[in-house]
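Subject: Structure for you to look at

Hello,

Here is the structure I said I would pass on. Please open it beside this message and follow along.

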Amino acid sequence: MARSQGKDLRPVITLQSTAGSGYRYVTRKSRRNTPDRLRIKKYDPIVRAHVEFVEIR
């Protein structure tokens, strides 16, 4: 059975590039371990470099 998005322990989140390319990753995160917005360095293929990605809602 599907749970509601608001109560899900591991919700699907979108990470957007801070380089301004508009590139996005879609992943899941644990609300228990990271309740704040996620900031992580990942590869942006448009810029061809590792840049910081931030969680958007």
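This is a predicted model: local features need pLDDT of at least 70, side-chain atom pairs count only at pLDDT 80 or more; totals for chains, interfaces and linings use all residues.

The whole chain

The protein chain has four strands and zero helices. Read from the N terminus, its elements therefore follow the order β-β-β-β. The chain has 57 residues, of which 21% count as buried. Its exposed surface comes to about 4500 Å², and carbon and sulfur atoms supply 49% of that. If you take the contacts between residues at least 6 apart in sequence, 31% of them join residues at least 24 apart.

Arg48

Start with the loop between β3 (39-44) and β4, where you will find Arg48. Its phi is near 60°, which is a positive value in a residue other than glycine. Is Arg48 buried or exposed? Its relative accessibility is 68%, and the cut-off for exposed is over 50%, so Arg48 counts as exposed.

Glu52

Next, go to strand β4, which covers residues 49-56 and includes Glu52. The relative accessibility of Glu52 is 30%, so this residue counts as partly exposed; that class lies between the 20% and 50% cut-offs. Which side chain makes a polar contact with the side chain of Glu52? It is that of Arg39, at 2.9 Å. Arg39 is also among the residues that Glu52 touches, along with Gln16, Ser17, Thr18, Ile40 and Lys41, when residues up to four places away in sequence are not counted.

Glu55

Strand β4 also holds Glu55. Why does Glu55 count as buried? The reason is its relative accessibility of 5%, because buried means under 20%. The side chain of Glu55 has a polar contact of 3.0 Å with the side chain of Lys29. Leaving out residues up to four places away in sequence, Glu55 touches Ile13, Thr14, Leu15, Lys29, Asp36, Arg37 and Leu38.

Glu55 is buried, and its side chain pairs with Lys29 in a polar contact.

Regards

Terms used:
Residues are numbered from 1 along each chain as its sequence is written. Side-chain values use heavy atoms; hydrogens and water are left out. Helices (H or I, at least four residues) and strands (E, at least two) are DSSP runs, numbered from the N terminus. Buried means under 20% relative accessible area, exposed over 50%, partly exposed in between (1.4 Å probe, protein chains only). Contact means heavy atoms within 4.5 Å. A polar contact is a pair of N or O atoms within 3.5 Å; within protein, one must be able to donate a hydrogen and the other to accept it, and residues adjacent in sequence count only if both atoms are side-chain atoms. Accessible areas come from the Shrake-Rupley method with a 1.4 Å probe; for residues, only the protein chains shown count as cover.
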